[in-house]
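Welcome, and thanks for taking a look at this one. Have the viewer open beside you, and let us go through the two chains and the places where they touch.

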Amino acid sequence: MKKIIITVVGKDTVGIIAKVCAYLAERKINILDISQTIVSGYFNMMMIVDMTASDVHFSEMCDELDKVGEEMGVSIKCQKEEIFDMMHRI
Amino acid sequence: MINQREVLETNAMIEKENLDVRTITMGISLLDCIDGDLNKLNDNIYKKIYDSAKDLVSVGDYIAKEYGVPIVNKRISVTPIGLVGGAACKTPSDFATIARTLDKVAKDIGVNIIGGYSALVSKGMTKADELLIRSIPEALSTTECVCSSVNVGSTKTGINMDAVKLMGEIIKETALATKENDSIGCSKLVVLCNAPDDNPFMAGAFHGVTEADRIINVGVSGPGVVKTALEKVRGEDFETLCETIKKTAFKVTRVGQLVAKEASKRLGVPFGIVDLSLAPTPAVGDSVADILCEIGLERAGAPGTTAALALLNDQVKKGGVMASSYVGGLSGAFIPVSEDQGMIDSVKDGALTLEKLEAMTCVCSVGLDMIAIPGDTKDTTISGIIADEMAIGMVNQKTTAVRIIPVIGKGVGEQAVFGGLFGYAPIMPVNTFSCDAFINRGGRIPAPIHSFKN
């Protein structure tokens, strides 16, 4: 499994999750987990996705999600899961 | 599964607290490049380095993108050139051609710095070592990316005082040769005692002769992360303080371990070590001095500083050692002056002196680092400063170093500006009483005894 962590941070607006999910579906990237909070108007989402079945390359996905984020005025960051595993699990 | 709190913590470290991997350094052996013909030697060196490291920068950048963590520098360290150039180089200028070859290949590959223009003379100098040392002013004034180091002592051999004397002169000559740029040449020249073979940090990096043909060493950083973690335990006791530093150092080092393993796999070069150093930069919030203040000092240099630094250095190692399969290099806390805004402020306020810095080097990694002194400081005085620092390393079985910059044309109260990662430094006063007779004796200081410890 090629697990990627996607984090979305920015001012809350309508349709952030919808747009990110639409992109992931189009690229055959499977969502495993979503958690989301809004703190004083700021939207904060973390997704764990699996891109095993996807035909898109990691760096391409980063660039395309960057654009999706830009359109909504939020920042979208993609990172491979290992960095979090390494740091927080022994 | 990873939860949101953990993801947010990691990303806050990266985005707000300057967590980064300071350097991926590829060590390359040049022993198989040796040739009696100077042109052939230079060709061999260029080709070996280029073929070995041509993908280093792109692989480093790609790993940084995948994990979302900056990898600030990609560097190369090579076999000490004093060992490689002996057969072909008959004059200091012959050696300087090798420095220019190193500079060219570093620029062609796109790495930030290349280290290993070095000589290991802890007990004696060969003719080649001496020629290399004498070529340092030319080498560092005609190149940009080359770093030079000279190991003049060790616990096992004692201190080579002839080399110490010579290095005082060479540092001054290098300062003169680069006087147009605040004597910046000296920021790329370090004198060491007990130099490690696998250090990824500059200017002291070289690829030791005990190493494999090629190796990947990684240096982590993260003073800002430690500082932020300590803000949450203000007023708590030393146990809590130490546990917090350990846990933070563990997390920071794990990132280094991940990057090192990945880089090693993708480049097809064995993984050497992770160097667990807290390496500051001039950026605000990326300061070791700020950690000392957070521990409870008004300014770095106040009474208590040496104890606080000893504690910090030890906890960083304790936390980091478990996080990496192989630890090496210098590992600890660096205390350069010009590269750390908190240290600069301490010097400006009169809280930190050269003598206090010397005391601090007894308990941290490395030594008197990036310190600007008046340009009219005597050669022998510089040698005296080096001798003191080497003695600390020799007796305490640790690496110590001197990277000191006599800024030509400037005096106490002025400042030297080096730019980039090298930062800027207020010029510090030096004790001007003479040590001429001591330095001019010549010969060696014998190795210290290691029994009767009390």
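Two residues are in contact here if their C-beta atoms, placed from the backbone, lie within 7 Å. By that rule, 44 residues of domain 1 of chain B are in contact with 47 residues of domain 2 of chain B. Please keep in mind that this is a predicted model.

**The two domains of chain B**

- Chain B is split into domain 1, covering 22–193, and domain 2, covering 219–445.
- Between the C-alpha centres of domain 1 and domain 2 of chain B there is a distance of 22 Å.
- On the side of domain 1 of chain B that touches domain 2 of chain B, at least two residues each come from strand E1 (21–28), H3, strand E4 (146–154), strand E5 (158–160), helix H7 (161–177) and strand E6 (189–193) of chain B.
- H7(B) gives the most to that side of domain 1, with 11 residues.
- Sorted by class, the side of domain 1 of chain B that touches domain 2 of chain B holds 23 nonpolar, 12 polar and 9 charged residues.

**A strand pair in chain B**

- Strand E7 (residues 214–220) of chain B and strand E8(B) run parallel and are joined by 3 bridges.
- One pairing to look up is Ile216(B), whose bridge partner in E8(B) is Phe271(B).
- How many residues of strand E8 (residues 271–275) of chain B are buried? The count is 5 of its 5 residues, and the strand is mostly covered.

**Chain A on its own**

- Chain A contains 3 helices and 4 strands, and along the sequence they follow the pattern β-α-β-β-α-β-α.
- The C-alpha trace of chain A spans about 35 × 30 × 20 Å along its principal axes.
- Of the 90 residues of chain A, 28% count as buried.
- Taking the contacts in chain A with a separation of 6 or more, 69% are between residues 24 or more positions apart.

**Where chain A meets chain B**

- The contact draws 20 residues from chain A and 17 residues from chain B.
- On the side of chain B that touches chain A, helix H1 (4–16), helix H3 (56–67) and helix H9 (238–267) of chain B each supply at least two residues.
- By class, that side of chain B has 7 nonpolar, 5 polar and 5 charged residues.
- With 30 residues at 1.5 Å a residue, H9(B) should span 44 Å, and the 43 Å between its end C-alpha atoms agrees.

**A closer look at Met86(A)**

- Met86(A) sits in helix H3 (residues 82–88) of chain A.
- Is Met86(A) buried or exposed? Met86(A) is buried, because 21 other C-beta atoms lie within 10 Å, and the cut-off for buried is 20 or more.
- Leaving aside neighbours within four places in sequence, Met86(A) is in contact with Arg254(B), Val255(B), Gln257(B) and Leu258(B).
- For a sense of scale within chain A, the C-alpha atoms of Met86(A) and Ala22(A) are separated by 30 Å, and these residues are 64 residues apart along the chain.

Note on methods: Residues numbered from 1 in each chain as written. Chains lettered and ligands numbered in written order. Predicted model: local features only at pLDDT ≥ 70, side-chain atom pairs only at ≥ 80, totals over all residues. Nonpolar A, V, L, I, M, F, W, Y, C, P; charged D, E, K, R; others polar. Domains from an automatic or database assignment. Buried ≥ 20, exposed ≤ 12 C-beta atoms within 10 Å, placed from the backbone. Pairing = 2+ DSSP bridges. Expected span 1.5 Å × (residues − 1).
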